Amino acid sequence: MAKTPQAGPTSPALARAIRLPHAVAMVVGTIIGASIFVQPSEITGRVPTVPGIFLAWGVSGALTLAGALVAAELASAYPRTGGVYVFLREAFGRPLGFLWGWAMFWTMHSGIIAAIAVVFARYAAFFVPLGDAGVRAVAIAVIVVLSAINAVGVRQGATLQALFTAGKLLAIGLIVVVGFALGGVATGGALRTPAVAAPVEIGVADFAAALVAGLFAFGGWHMVTYTADETEDAPRTIPRALVVGTLIVTASYIALNAVYLYILPVETVASSTRIAADAADAILGSGGGAAMSGLVLFSTFGALAGIILTGPRVYFAMAQDGLLFRWVAAVHPVRRTPDRAILLQAVWSSVLVATGTYRALFTRVIYTEWFFFGLMALGLLLLRRRPDYAPVWRTPGRVVVPLLFALAAFAIVASEIIAEPVSRLTGLGLVLAGLPVYAVWTRWTATQRNVS
């Protein structure tokens, strides 16, 4: 495999300022955005029984933990900026690493930023009336503000993420305590099943669809791996953060669903598109919706902080490898951040918001990250066979955990294609379009080197 080009001797190094609390906050804060407060209806609608709901969330959490364990071992073996990009490059070569970065920039990661920023702006409109143009302006503004904070310094960005994550977990704890304390009084609360005469039968297809929805709600767990060169004792810190963070999120999701089901009937949970607000209204009156809108604002802002922090590190690593313009690999001499990569991400995410194109791109392509996750798990098994492979941390279960996660990841891809073949295959085509681009780029850069 070709060696990774190194920065010149005068290039400043990235600042190593992320410690374990920051890394755990990055995992938790990035995963918990708006979805758990807004719409768990997809899972409840598919498995409308209390045991089925908890089983779906529990299995989703367990599969996410399996992926986190895979990423943890790889991060301990390759603690380098870029995370998943590095793992795929090491296991399968530069073309696959390039495809991951290609899909990240044009659609997956930038699309997530645009989508969450728009959700933030729409909930801001609950308090300040905004038209469509106003929503887009606010969404772009929050992208610019958070990008600027992260450009100032990774310590500032990581600290902001940690503060918002702590606030988010405090709010979740408050919802759980208040919900169980007042829910029974206000609603006669109990964990209830739908009011139907016959038992509810849950098919394999319905449970599989519920799992897909649950796994998407856990999205973002891998992003902490992107910042390895800025993490203290990365080979140990990142694995710990992945495991601890995933367990915290799983416990939070199960606790929130328990409160929802304690306060509201299952059929209401299944049909609600603003479940946290509906639960708050049930016990606090009409003011509950405003409180929950504020919580969604707070939560989405915190999630955006982590997502905006992590993404540029992949583009930075690609530029170092010669797979992107060299100027993207620049490090600010004073702030020691990849400021040009941050700027590049902010510009494209803002374009997606301004044009509204993120909707079509994001919904068609986001499922394809699971194809890469499946390959990452298989790549772990390949890398273990190399004599120079020396991870500090090992995945429990050895072969079982990576294979189980790979099967789950590929099953998600297959189920998405079967459900919406035209849309999903179009999205896959957009991702695979990176291969001819890679071929042209590498040929052009080779010619440039020969000329110089």
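Predicted model: local features only at pLDDT ≥ 70, side-chain atom pairs only at ≥ 80, totals over all residues.
The relative accessible area of Ser293 is 6%; because buried means under 20%, Ser293 counts as buried. Apart from neighbours within four places in sequence, Ser293 is in contact with Tyr123, Phe126 and Phe127.

Helix α7 takes in residues 132-152, 21 residues in number. At 1.5 Å a residue, a helix of this length should span 30 Å, and the end C-alpha atoms of α7 lie 31 Å apart, which agrees. The buried residues of α7 are Val135, Ala139, Val142, Ile143, Leu146, Ser147, Asn150 and Ala151. Viewed down the axis of α7, these buried residues fall within an arc of 165°, so they line one face of the helix.

The volume of the largest pocket is about 1500 Å³. Its lining is made up of 46 residues, of which Ser35, Ala213, Phe216, Ala217 and Phe362 are the closest to the centre of the pocket. Helices that each supply at least two residues of this lining are α1 (20-31), α2 (35-38), α3 (41-46), α6 (94-124), α9 (204-217), α13, α15 (358-365) and α17 (400-419). The most is given by α9, with eight residues. By residue class, the lining of the largest pocket comprises 27 nonpolar, 11 polar and eight charged residues.

Notes
Residues numbered from 1 in each chain as written. Heavy atoms only, no water. Buried < 20%, exposed > 50% of the residue type's maximum accessible area, 1.4 Å probe, protein only. Contact = heavy atoms within 4.5 Å. Helix = DSSP H or I, 4+ residues; strand = E, 2+ residues; numbered from the N terminus. Expected span 1.5 Å × (residues − 1). Arc of directions from axis to C-beta. 1 Å grid on protein atoms, 1.4 Å probe; cavity = no way out; pocket = protein on both sides within 12 Å on 5 of 7 lines; lining within 4 Å. Points joined across faces, edges and corners; volume = space filled by probe spheres on them. Nonpolar A, V, L, I, M, F, W, Y, C, P; charged D, E, K, R; others polar.
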